[in-house]
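Reader: Walk me through this model, please. I want each term set against its cut-off.

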Amino acid sequence: MPVTIKDVARAAGVSPSTVSRVISDHPRISQPTKERVRQVMKELGYHPNAIARSLVTQSSRTLGLVMSRAAEKALANPFFPEVIRGIGAVANRARYALLLSTSSSPGRELEECLEMLESHRVDGVILLASRVKDRLVARLAREGYPFVVVGRVPDDSRVWWVNNDNTQAAREAVEHLLDLGHRRIACLAGAPEYLVTQDRVAGYRQALEARGIPFDPELVRYTDFSRDQGWQAARELLKRSGRPTAFFATDDLLAWGAVQAAADLGLHVPGAVSVMGFNDDPWSAYVNPPLTTVRVPIFELGKVAARLLLERLQDPDAPVQHVLVPTHLVVRRSTAPCRSG
């Protein structure tokens, strides 16, 4: 088997990102460390030919895509294949390839992203999500790497991003349920460390409080963005006394799970319980019943993210750009007027 950068790192007693920095002759790596790593590379017969070529040309003509979760979970969510499709459409026209990085922890994500950039395997990166107190975003901004975030960034003065107004869109979605007479509305939220979750829950809360309905944390369930987790959370809430008459889900997968949970308990959607989703994933119009949801132009998010990154690569001194894409409510058959108090 060919020797890998991880083999070199293990033999030299350093991290893979340190090996990448040695290859690119990063000034922050001490001379003794560089000499030790280079000696190990020589002993193991490691030849970073592709990296060397990119160092000469100063361009790999590759864009890195960083997912903040393991591939088996992320790619099961229709949002990510669709946003990658949009990125690929723009990258392909510009003759750029894509390199996908997935990891199961923020620490690994940071290390792998820096390795991609510092080894010149990619010219820049697109982050497909942002976390609360995101170390990766802060590090990339501090060191001046070219990158774009799909999502909100709290301190965005140095960060290029594309997003939709998740708080306002969520508020409008919950207002639709309130207009149908629902008052006991549960929220199926995603993982709380993601800003998109926080923003959509904030919109849910704003809509309730604007109508004089107190926010009840017992009606909010934080889960992974998955159908199974949506099913489990919705089933638990529906089996309680004083069950909700409607669900607002911060992702269509969670909403699909809620529809199945209701069916398993013999509750008709939307007769007994209404279900609202978010994203308008490609299959949401074809589930039974077709899902009322917030349409996010996912493909367009990807296209804009790729365009912004290419613009930044062409002009490193260009002013920071922020782009908001519009959303709108799509009313289908999973929501109906409330039949109970």
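Reader: What makes the span of helix 3 close to the expected one?

Author: This is a predicted model, where local features need pLDDT of at least 70, side-chain atom pairs count only at pLDDT 80 or more, and totals for chains, interfaces and linings use all residues. Residues are numbered from 1 along each chain as its sequence is written, and side-chain values use heavy atoms, with hydrogens and water left out. Helices are DSSP runs (H or I, at least four residues), strands likewise (E, at least two), numbered from the N terminus. The expected span is 1.5 Å times one less than the number of residues. Helix 3 (residues 31-44) has 14 residues and spans 20 Å from first to last C-alpha, close to the expected 20 Å.

Reader: Which residues of helix 3 are called buried?

Author: Buried means under 20% relative accessible area, exposed over 50%, partly exposed in between (1.4 Å probe, protein chains only). Thr33, Lys34, Val37, Val40 and Met41 are buried. They fall within an arc of 130° seen down the axis of helix 3, so they line one face. The face turned away carries exposed Pro32, Lys42 and Glu43.

Reader: Where is a positive phi found after helix 3?

Author: At Gly45, which follows helix 3, with phi near 75°.

Reader: How is the lining of the largest cavity divided by class?

Author: Ala, Val, Leu, Ile, Met, Phe, Trp, Tyr, Cys and Pro count as nonpolar, Asp, Glu, Lys and Arg as charged, and the others, Gly among them, as polar. That lining therefore divides into 12 nonpolar, 8 polar and 5 charged residues. Helix 10 (195-210) is one of its suppliers, and gives the largest share, 4 residues.

Technical notes:
Arc of directions from axis to C-beta.
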